[in-house]
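Welcome, and please have your viewer ready. We will go from one selection to the next and look at what each one shows.

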Amino acid sequence: MALLEVQGVGKTFGALRALDGVDVSVRANTFHGLIGPNGSGKSTLLKAIAGAHLADDGTITFDGSDITKMRAADRARRGLSLKFQITAVLPELSVYDNLLLSIQADEPVWALVRSRSRGEAHDRVMDALERFRLADRADDLAGELSHGLQQWLEIAMALMRRPKLLLLDEPTGGMSPEERRATGELLMPIKADCALVIVEHDLDFIKDICDHLTVLDQGRVLDDGTVAEIEASPKVQEVYTTRV
Amino acid sequence: MADIAQSGPKIARRPTRVIPIVEAVLLALLIAMPLLVSDFLTVIITRMIILAMLAISFDLCWGYSGIMTFGQALYFGMAGYVVALLANKTGFVQFWGVIPIGMATGLLAALFIGWFLLLGKRTPEIIFVALGTLTASYAAERMVAGWQWVGAGNGMSVFDFLKIGDYELEPGIVFYYIAAAILVLVYLASRYLVRSQFGLVLAGMRQNEERLAFFGYKVQVFKALVFCFAGMIAGLSGALYAYHEGFIGPGSMGIVLSTYAVLYGLFGGAGTLLGPIIGVIAIESISFTLSDLDAVKSFWPVVLGVILLVVVAYKPTGLLGFVLSQRERIGTFGIGTARRDANPRKSDDGAA
């Protein structure tokens, strides 16, 4: 059974039909890429899954539950985690506190008032800082980090909650080739614990890490399959050679 | 490794912390003041101490939670009326009952208002909450001003003194120290809250509310909780005020006092808890001095208004902002990295 099942999802903004009957299925512990030309609906689909936009029609099922009309906070509590396209770290908090904030969301309010999990969370925060090569910057404000480090911090924040499904919107945007390679290295170990849906323009990056690809074009699914199948698809080749 | 990771270890910055110094100075003043000034001024300063609690309640809402409340006087005044009615109708004036009743009144009133304004399906806009709280405060003021049972426009006098056992708490040095002790407790409880992991959520909320929803936080619930806690503090303040002044009137729950609460917070420095206390001291002292100066006696509120406008417009972080850095104002919330340095197993040897 698929971890995430998107069936016939549509979304309209004014006169623009951003998504039109989109079907996507994501299995647990797989990396699933969403690719397509600019304006094809990739980010909109990711936001519809995360709850930033509510789908106008269709259904989204996650881990056996219908989440189509669920609020973003409730989806997050069920194990969905999103990294925004534009980095959304909390710039006036320290790097350490950004991670602590992401880790403690499931704590009851009274436990937060009493700061009961501060000690327990410490080791997990420190591990994440080491893993994402941020340990030396732990006490710096997140807003003082370079763009690339902010991207890593945000991925780390998204992973801190131990999600079942991580949604990444252009995680390597603005990074150098070396930084992209390092990002791939950071992502690969998480496959044992969670599935990943990733929107990315860098096709080499996405081919390196993904098991499965869905190609969107003008709000519809153009093709869907393994990396090899998509690479051999004439429909996809046509879109990428004529319009990208 | 990637160049973004090659930032190198930084030398820890240890800037002087201003907050403990300001806390110590204010506490010393609080303890020494009645010994240095006349009985008359002790009563005036007691009123400032009581209003400082109202100002802290505003700061919890706006400075820490992004709730622009223009109606804090509603909880203050409502609690004042309830304890005044209890005193006048039943003769109940015991401190240990009056204070919790004032707090409960403020809490319940804030719960009622917060339910409508904050707990909707969507996170409300700042302006919606500002107008909603302003309207509630204005409506309550008009309502009591026309209600004979609570004295209508004349308000209610509280003829009895607050009592601890058989001891009557007249306005004066004993009342001063009790009010001061309560202010210290209110400050410490508020500080504990805003520096806890709960406070970290508030700090995150102020910077990016939407982001917090994607972590799974129900932002409105956090706002409503702070709003109720602040209402409880305003209620406590109002109960003390009614007994200290021996009077409670419609103006004590209306928009003028609500606006003063906003000004205390913004003038002193919102988001600091200490700023509102400084704001009350500064505004009330300036008002007290100007109203007694022959040169400006007839138009002193205009002079006060100009001073407030200049500070709020040119120093949005308020008076405390002149000495307090933004970093210290926001603070840190975790254990910090000291433990990592003490325990190298996770940091440098790759054992993690």
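**First stop: a residue in chain B**

Select Ile99(B), which sits in helix H4 of chain B, the helix covering residues 95-118. Keep in mind as you look around that this is a predicted model. Is Ile99(B) buried or exposed? Its relative accessibility is 9%, so Ile99(B) counts as buried, the cut-off for that being under 20%.

Leu236(B) is 137 residues away from Ile99(B) along the chain, yet their C-alpha atoms are separated by 6.0 Å. Now show Leu240(B) too: setting aside neighbours within four places in sequence, Ile99(B) is in contact with Leu236(B) and Leu240(B).

**Second stop: where the chains meet**

Zoom out and colour by chain. The contact draws 61 residues from chain A and 52 residues from chain B. Together the two chains bury about 4700 Å², with 58% of this on carbon and sulfur atoms.

To see one of them, select Asp74(A) and Lys218(B), where the closest N and O atoms are 3.1 Å apart.

Finally, turn to the side of chain A that touches chain B. Helices that each supply at least two residues to it include H2 (72-77), H5 (118-131) and H7 (177-187) of chain A. Highlight H5(A), as the largest share, 7 residues, comes from there. Coloured by class, this side shows 27 nonpolar, 11 polar and 23 charged residues.

Terms used:
Residues numbered from 1 in each chain as written. Chains lettered and ligands numbered in written order. Predicted model: local features only at pLDDT ≥ 70, side-chain atom pairs only at ≥ 80, totals over all residues. Heavy atoms only, no water. Contact = heavy atoms within 4.5 Å. Buried area = accessible area lost by both parts, 1.4 Å probe. Salt bridge = Lys/Arg side-chain N within 4 Å of Asp/Glu carboxyl O. Helix = DSSP H or I, 4+ residues; strand = E, 2+ residues; numbered from the N terminus. Nonpolar A, V, L, I, M, F, W, Y, C, P; charged D, E, K, R; others polar. Buried < 20%, exposed > 50% of the residue type's maximum accessible area, 1.4 Å probe, protein only.
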